[in-house]
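The following questions and answers examine selected residues, their surroundings and their record annotations.

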Amino acid sequence: MTIIARKQTVAVKIGNVAMGGGAPIVVQSMTNTDTADVGQTVAQVEALARAGSELVRITVDREEAAAAVPLIRAQLDKRGVDVPLIGDFHYNGHTLLASYPECAESLAKYRINPGNVGFKDKRDKQFSQIIEIALKHDKPVRIGVNWGSLDQDLLTQLMNENAESATPKDAREVMHEAMVQSALLSAARAQELGMGADKIVLSAKVSAVQDLIAVYRMLAERSDLALHLGLTEAGMGSKGIVASSAAMSVLMQEGIGDTIRISLTPEPGGDRSLEVKVAQELLQSMGFRAFVPLVAACPGCGRTTSTTFQELARDIQDFIRDQMPVWKRQYPGVENLNVAVMGCIVNGPGESKHADIGISLPGTGETPAAPVFVEGKKVTTLRGPGAADEFKQMVLDYIEQRYGSGARGQNSERNARPTAAE
Ligand code: SF4
């Protein structure tokens with residue numbers, strides 16, 4: 001695996017979570033409940049945290065929401081959910097944080113959008129007020145620029161300068177520059193007010209993949225502050241997943257990014273935790289982190305008409321995901337396990353040999369036998385309708401034998417596989 005050198009950024013501590021400065025890339029998410037509804041928000045934060053979100057952002061848009069924040073924190077603590085909460089503020093953040101000090105204290109970080117912190121002369125004053133409150137409560141901030149609410153004064157000024165330039169740039173490039181400047185100028189202002197670089201995270205979100213890549217490359221070149229990556233309005237379903245993964249994987253491959261959020265629009269009634277799962281899978285498939293054992297399955301083709309291998313692959317994957325909260329404690333290192341479920345003799349044995357444990361199911365016209373490989377060696381051949389269940393049991397036995405308490409110590413080195421440089 002290629003070891004990717006991460007760009008060195010200033011480390012920031014958000015509650016108990018380390019970000020930047022070489023720490024593993026952090027997965028975060030955002031609720032879509034009304035924050036004033038304590039019960040619903042607690043339930044969603046808990047679901048996101050249990051799915052693996054290491055930070056959760058909640059909207060703080062009005063007094064009722066600000067009043068609810070400490071109650072949400074207290075209920076989460078009571079349930080043993082210690083995920084840090086980030087408050088998302090727009091326009092009235094300065095008043096809400098000042099009027100609700102318990103809200104300011106309960107949050108682990110404040111997100112400020114320099115484009116809508118206030119207008120004209122009020123903007124600087126209101127931005128400064130939030131920074132002063134953050135300093136008082138010793139909280140970090142994310143200066144989160146968004147192209148949909150970009151500082152219009154700054155954009156106009158840059159557009160005017162560009163129009164007078166002898167070599168004017170494309171309007172898109174001016175927009176990129178405005179986003180980067182908005183983030184950097186706000187960070188400089190926060191630092192003038194006494195905020196350390198170790199308390200600032202930057203983001204500059206756009207909705208088009210190429211724009212996002214361009215903007216973050218510029219930000220990473222001009223600043224060593226920790227960076228939050230995210231494509232805004234990524235969209236629904238596969239469109240949102242593909243666009244976010246395409247943009248963020250290019251940046252992470254270049255060492256850019258200290259935390260990611262996949263902004264998926266959920267299907268009506270859909271599971272909000274999907275964005276956490278996608279973020280984890282993106283980081284794991286790139287080799288940055290390991291969260292759950294990987295199940296490699298062949299795509300299937302004309303050589304197999306049976307759906308057995310697809311069902312078995314899905315079964316194993318679901319089984320592993322369901323068990324992970326317990327396994328994480330019971331079997332340290334199990335997230336590095338690779339399982340292969342293959343459809344026929346062509347690539348089956350080869351792929352299965354590369355996995356820690358793999359099965360090669362029979363394709364059309366092949367002898368109805370399924371060889372099982374453990375660490376590259378064929379250990380048995382399963383036959384008959386019970387083969388799927390027997391393989392599942394073999395996976396369990398392998399996990400127990402390799403990661404269980406009896407195996408720890410003797411296996412500790414073997415289980416600590418290198419991931420891409422964190
Ligand atoms: S392993 Fe066999 S069934 Fe699966 S994709 Fe390859 S040739 Fe097709």
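Q: Where in this predicted model is Cys344 found?
A: The model is predicted. Strand β14 covers 338-342 and helix α12 covers 348-354. Cys344 lies between these two elements, in the loop between β14 and α12.

Q: Is Cys344 buried or exposed?
A: A residue counts as buried when its relative accessible area is under 20%. The relative accessibility of Cys344 is 9%, so Cys344 is buried.

Q: Which residues does Cys344 touch, not counting those up to four places away in sequence?
A: Contact requires heavy atoms within 4.5 Å. With residues up to four places away in sequence set aside, Cys344 touches Arg303, Pro349, Ser360, Leu361, Gly363 and Glu366.

Q: Which positions carry the UniProt feature "binding site"?
A: The annotation comes from an unreviewed UniProt entry. It includes Glu351, which sits in helix α12. The complete set in that record is Cys298, Cys301, Cys344 and Glu351.

Q: Is Glu351 buried, partly exposed or exposed?
A: Buried means under 20% relative accessible area and exposed means over 50%. Glu351 has a relative accessibility of 36%, and therefore counts as partly exposed.

Q: Which backbone nitrogen does the side chain of Ser223 reach?
A: Ser223 belongs to the loop between α8 (209-222) and β9 (226-229). Its relative accessible area is 9%, so Ser223 is buried. At 2.9 Å, the Ser223 side chain reaches the backbone nitrogen of Leu225.

Q: Which residues are in contact with Ser223, leaving aside neighbours within four places in sequence?
A: Leu225 is reached by the Ser223 side chain, but neighbours within four places are left aside here. The contacts of Ser223 are then Lys7, Leu184 and Leu202.

Definitions and conventions: Residues are numbered from 1 along each chain as its sequence is written. This is a predicted model: local features need pLDDT of at least 70, side-chain atom pairs count only at pLDDT 80 or more; totals for chains, interfaces and linings use all residues. Side-chain values use heavy atoms; hydrogens and water are left out. Helices (H or I, at least four residues) and strands (E, at least two) are DSSP runs, numbered from the N terminus. Buried means under 20% relative accessible area, exposed over 50%, partly exposed in between (1.4 Å probe, protein chains only). A polar contact is a pair of N or O atoms within 3.5 Å; within protein, one must be able to donate a hydrogen and the other to accept it, and residues adjacent in sequence count only if both atoms are side-chain atoms. UniProt positions are given in the numbering used here, feature names are shortened, and annotations may be inferred rather than shown by experiment.
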